[in-house]
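Let's take a friendly walk through a protein model together. Keep the picture in view as you read.

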Amino acid sequence: IPYDDLWHQAAVTKHLPHEELTLGQAYGRFLATHGFDPDERDPIRYLTTNTDNPMDNNGSNDTDTVDDELAYIMLRYRQSHDYYHAVTGLPPTVLGELALK
C-alpha cells in the first residue's frame, strides 16, 4: 500500500474501534496519530565487529567493520517495531516501550 493510502485509511477508519481495524488500518492510524513516517528513520549504525582479536577489548576502532547480518536483523526489528505498537495499541512512550519489551 502506498504511504499516502495509509494516511487516507487512517482518516476513513477514525471512527472504528481499534479491535475492528485490519493490520494495515491500525498501522496507518498509528502512524497518523503519532506523526511518524517509516521512511524517515535514521540509518542503522554502530553495529560493528572487531576483526582483529575478539578477545582484545582495548576499544580500538582500527579494525572494526560493519556486521551486515546484525545490521539486517536490527533493520527488520526497527521496521516491525511500529507494527507491534499498532497491534497492541500501546503508545510510543517510555511506558509503552517497556510494555512491548
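What volume does the largest pocket have? The largest pocket has a volume of about 150 Å³. On a 1 Å grid over the protein atoms alone, a pocket is an open set of points with protein on both sides within 12 Å along at least five of seven lines, where a 1.4 Å probe fits, and lining residues have an atom within 4 Å of a point. Grid points are joined across faces, edges and corners, and the volume is the space filled by probe spheres set on the points.

Before going on, a word about the model. This is a predicted model, in which local features need pLDDT of at least 70 and side-chain atom pairs count only at pLDDT 80 or more, while totals for chains, interfaces and linings use all residues. Residues are numbered from 1 along each chain as its sequence is written, and side-chain values use heavy atoms, with hydrogens and water left out.

Now for the overall plan. The protein chain has four helices and two strands, and from the N terminus on its elements run α-α-β-β-α-α. Helices (H or I, at least four residues) and strands (E, at least two) are DSSP runs, numbered from the N terminus. Of the chain's 101 residues, 21% count as buried. Here buried means under 20% relative accessible area, exposed means over 50%, and partly exposed lies in between (1.4 Å probe, protein chains only).

Back to the pocket. Its lining consists of Y27, P38, R41, D42, P43, I44, L75, R78, Q79, D82 and Y83. Helix α3 gives the most to this lining, with five residues. Sorted by class, the lining has six nonpolar, one polar and four charged residues. In this sorting, Ala, Val, Leu, Ile, Met, Phe, Trp, Tyr, Cys and Pro count as nonpolar, Asp, Glu, Lys and Arg as charged, and the others, Gly among them, as polar. Look at P38, which sits in the loop between α2 and β1 (48–50). P38 counts as partly exposed because its relative accessibility is 28%. Along the chain P38 and D82 are 44 residues apart, yet their C-alpha atoms are separated by 8.7 Å.

Next, turn to the surface. Which residues form a nonpolar patch there? They are L23, M74, Y77, Y83, Y84 and V87, with about 560 Å² of accessible area together. Patches are made of residues with over 30% relative accessible area and no salt bridge, where like charges are joined within 9 Å and nonpolar side chains (Val, Leu, Ile, Met, Phe, Trp, Tyr) within 5 Å. A salt bridge is a side-chain nitrogen of Lys or Arg within 4 Å of a carboxyl oxygen of Asp or Glu. Accessible areas come from the Shrake-Rupley method with a 1.4 Å probe, and for residues only the protein chains shown count as cover. The largest share of the patch, five residues, comes from helix α3 (residues 68–88). L23 lies in helix α2 (residues 23–34), and at 48% relative accessibility L23 counts as partly exposed.
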